[in-house]
Amino acid sequence: MNTRRRHGSRSTEQGVYLGPSQTQVYPPASSPPVYQPQPPPPPPPPLAIIDDTMSCRDRTQEFLSACKSLQGRQNGVQINKPTLTAIKQRSDFTLMAKRIGKDLSNTFAKLEKLTILAKRKSLFDDKAIEIEELTYIIKQDINSLNKQIAQLQEFVKARGNQNGRHLQTHSNTIVVSLQSKLASMSNDFKSVLEVRTENLKQQRSRREHFSQLPVSGSPLHANNFGNSVLMQDESRRSGDVSINMDSKVSQQLQLIDEQDSYIQSRADTMQNIESTIVELGSIFQQLAHMVKEQEETVQRIDANVEDAQLNVEAAHSEILKYFQSVTSNRWLMVKIFFILIIFFIVFVVFLA
Amino acid sequence: MMAASIREKQTAALKRMLNFNSPLMKNNAAEPVWKVLIYDRFGQDIISPLLAVKELRDMGITLHLLLHSDRDAIPDVPAIYFVMPTEENIDRICQDLRSQLYESYYLNFISAISRSKLEDIASAALGANAVTQITKVFDQYLNFITLEDDMFVLCNQNKELISYHAINKPDITDTDMETIMDTIVDSLFCFLVTLGAVPILRCPRGNAAEMVAVKLDKKLRENLRDARNSLFTSDTMGTGQFSFQRPVLVLLDRNLDLATPLHHTWTYQALVHDVLDFHLNRVTMEESTGPENSPAGARPKKKNKKNYDLTAADRFWQKHKGSPFPEVAESVQQELDTYRAQEDEVKRLKSIMGLEGEDEGAISMLSDNTAKLTSAVSSLPELLEKKRLIDLHTNVATAVLEHIKTRKLDVYFEYEEKLMSKSTLDKSLLDMISDPDAGTPEDKMRLFLIYYITSQQPPSEVDMEQYRKALADAGCNLSPLNYIRQWKAFAKMAAAPANYGGSGAKAMGLFSRVMNTGSQFVMEGVKNLVLKQHNLPVTRILDNLMEMKSNPETDDYRYFDPKMLRGSESSVPRNKNPFQEAIIFVVGGGNYIEYQNLVDYVKGKPGKHVLYGCSELFNASQFLKQLSQLGQK
């Protein structure tokens, strides 16, 4: 399992993904994003401290050389034993879990991208289509991951008790950890969508705000803003402004149409996002009760040992008690026996 | 600011190990790798105060098992071993290799493994044809247990080996002593490696601490000389402050101050350690499960053991572990009140929601409330966690209070403080000892020992007889006294260990505040004692050495600088600058009283940092037991 893949430089502190974009999900039609307002480079992560205090010593080489010299000494008694065990085939379960893990991390990358896009506040550089597309993809991903994990769980259950106890816990833990990862991801996703909704709301209010200004100010200014798409709401409502500018009426009308569709699309987007949030909610609930199954947040590793010790102690005291009761019973038996004998003697001596 | 506390450093080292010894990526997008953690008792003690199971899970650990437990094979998962390089551990690892338990093996040894043992594993690996499966072999140098940000102990498993008793028993052989010293030095060396600093060593002459210092100096020198393999390369490249400012490591011997470990205390953490079973940051309390008996009557009342972890994440604990107990009781009450208020707030919100829901008109209001509700819901886990902590501290503090009341510990504390500061006593010692209501025999013995240790001249034979009789009548085991008498006779040369600083506590009258009726802490009759800052001997010595003050007590302390080429025998320090960082290490056992005293001392000195370490951590009754063992011989 050494084939772990480390993705490039990436920092989650700001949810910023700086590495190469994962373009396989990205429609080529939408132009590659140009990051004009490049976010400031993330501050050097606190890992710096961790990295330069290498308080341990690697002795792998020493070990290997020891092996080699030992091997040389043993001199080919069993050198060419086929190394069949080294390349053991992985079980289906592991492969499945690995695949899900990989998918999860890919989805995370997409989510990071979406976060960047959604957090952008700019009015003009709003990549609505991209965001929508990404949202859709991620939604699909989460859904399919959810299904896959459920499948994995089924698999574990089906394989059930034919495995060792430890293997069983191991696989269960993997399932649970995948679930919790997915849960945290959908949580992130949800919050991103909320941010997006908030942004959309803000944009709308801003637009209204700006488009009102020229009307109340001077109609002349409105001319300059005529081309601005922002004005259309307003111009529609207070018709007299556009009537005054008869030269532009036709153009304006055209714009109104355009604008209508634009607003329509916006409303759709909103609805879309809302429905997504609702869907996510249901996924959440599903996950919540699964994750709840294990409560180990505050446990320490020595807890089990102490439990075992406690049980042993309890067992010991129980045994002691049993022993006592047995001995007292013995005493009782002796007494009864004694009485019987006395009676026997009485019978024999006096009645016989 | 110090670069990182020792706790952070050890945690980071552990995490790196769990990440297959490659630097951490703080990135939840990384592909998870699942692995199994195998440790022995030593490893368990090191990990358990630092990483909870949850954190291990986050690191991809699916199973954590003891090395010597019965383990099933999991053929397709890598295993990380974190064990001491002992004979039986190595055997067990070889056995694992032979039975092909795991896919690959990452062997991490808590302290350095010897070449011959490495070869043992190598031959077993060859025999099992598993050389390729052993992916990494590492020496971790983590053989110490960090309990606080600035406190560590050496070990827990075989602490009898390096206890005060072991060091001071009269019939000790040279080889035994050698083993003890080697064990201590090895752990200390690990600590310094993890800290990443080569300190300047200071120690008093003519006791166990000096032996440790000499050995440690030698070990550090050997390591530094071999520049290629040196473990201290990083500090020259500058890990913050250490590059130009080296810490001082003060090695002290327990014999320097025997009174403090016997002292009754008044701060929260030390009290918990004194009267409850407080072990590796975990309190174990027995609570009987109420009066209800099962109908059959056959099963006895089950003793219920409750464990509470007092962790660094516990804010209340962090804030109050050094506070005097009455203050803690009051704060618990306050916390409880604020928690109740918050809970009421949530409940109120719920009722409002119920009302508003029927009112069709106020949609905007509703949406506003929805936001409020969302925030309330998201704050619920936090609230639950808070409740858990409050419950924890309520239980612990109640248990402590119980002890204080039944044993009259407040009276003892006040009396002992007076003894140590040589102020006038309002009650004769004999009265205290013969008072049947106050304290256990152990408490009385502790009180008398403190009196005996701190008194300038020993009491006359006649008085002594009287005291002995009173103590025996009170049911005390007199053997600790025998040892202390020997020790005092022997330690005559220590002229003034008795100077314990100004008066310690003053009573603030009876705890007059009328607690509300629901309060769990009826402090009636318990004196509200307030601690006054005073320095214990350990703190005073540290102060002298850090500030380079001249003092007859510390002037002849030996001075070692492992970075100097030739060892010098002088006790004259080369550099005259005051130190900013210091590590105090007590050979022969330490306690929370001294730790707390040091923490309080550092609080008054901005920019300074002090780490406290000890070879073992004992409370007074454990110490008394060791003393009586010594006295029996």
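In this predicted model, Y39(B) stands opposite L66(B) in strand β2 of chain B.

**Strand β1 and its partners**

Strand β1 of chain B spans residues 35-39. Five bridges join β1(B) to strand β2, residues 61-66 of chain B, and the two run parallel. Four bridges join β1(B) to strand β3, residues 78-83 of chain B, again in a parallel run. On that side, I38(B) has Y81(B) of β3(B) as its bridge partner. Strands of a sheet pair through backbone hydrogen bonds, either parallel or antiparallel.

Is β1(B) mostly covered or uncovered? It is mostly covered: five of its five residues are buried. K35(B), L37(B) and Y39(B) lie on one side, V36(B) and I38(B) on the other, and both faces are covered. K35(B) also meets a ring. Its charged end sits over the ring of F20(B), 4.7 Å from the centre. Elsewhere in chain B, the charged end of K488(B) sits over the ring of Y452(B), at 5.7 Å from the centre.

**Aromatic pairs**

The count comes to 22 aromatic pairs over all chains. A pair of aromatic rings is described by the distance of the centres and the angle of the planes. Two of the pairs are set out here.

| Pair | Centre to centre | Angle between planes | Type |
|---|---|---|---|
| Y81(B) and Y105(B) | 6.1 Å | 35° | tilted |
| Y595(B) and Y612(B) | 6.3 Å | 40° | tilted |

Take Y81(B) and Y105(B). Y81(B) lies in strand β3 of chain B and Y105(B) in strand β4, residues 104-109 of chain B, so the pair ties together parts that are 24 residues apart in sequence. Y81(B) is buried, and so is Y105(B).

Now take Y595(B) and Y612(B). Y595(B) belongs to helix α20, residues 592-603 of chain B, and Y612(B) to strand β17, residues 609-614 of chain B. The pair links distant parts of the chain, 17 residues apart. Both Y595(B) and Y612(B) are buried. Both also belong to one aromatic cluster, together with Y268(B), F278(B), W317(B), F325(B) and Y592(B).

**Q596 in helix α20**

Q596(B) also has its place in helix α20 of chain B. Is Q596(B) buried or exposed? Its relative accessible area is 6%, under the 20% cut-off, so Q596(B) counts as buried. Leaving aside neighbours within four places in sequence, Q596(B) is in contact with T267(B), Q269(B), K321(B) and G322(B).

**A sheet of seven strands**

Strand β17(B) is part of an open sheet of seven strands. The order is β6-β7-β17-β16-β9-β8-β15 in chain B, with mixed pairing. Which strands form the edges? They are β6 (145-148) and β15 (558-560) of chain B, and each pairs on one side only. From one strand to the next, the twist averages 20°.

Three bridges join strand β7, residues 151-153 of chain B, to β17(B), and these strands run parallel. Here M151(B) has Y612(B) in β17(B) as its bridge partner. Helix α8, residues 208-225 of chain B, packs on the sheet. This helix touches β8 (200-203), β9 (248-253), β15 and β16 (581-587) of chain B. The direction of α8(B) makes about 145° with that of β9(B).

**A residue in chain A**

S144(A) lies in helix α4, residues 128-159 of chain A. At 33% relative accessibility, S144(A) counts as partly exposed. The C-alpha atoms of S144(A) and D103(A) are separated by 9.8 Å, although the two are 41 residues apart along the chain.

How values were computed: Residues numbered from 1 in each chain as written. Chains lettered and ligands numbered in written order. Predicted model: local features only at pLDDT ≥ 70, side-chain atom pairs only at ≥ 80, totals over all residues. Heavy atoms only, no water. Buried < 20%, exposed > 50% of the residue type's maximum accessible area, 1.4 Å probe, protein only. Pairing = 2+ DSSP bridges. Phe/Tyr/Trp six-rings, centres within 6.5 Å; stacked < 30°, edge-to-face > 60°. Lys NZ or Arg CZ within 6 Å of the ring centre and 35° of its normal. Contact = heavy atoms within 4.5 Å. Axes fitted to C-alpha atoms, helices over the stretch in contact; angles between N-to-C directions.
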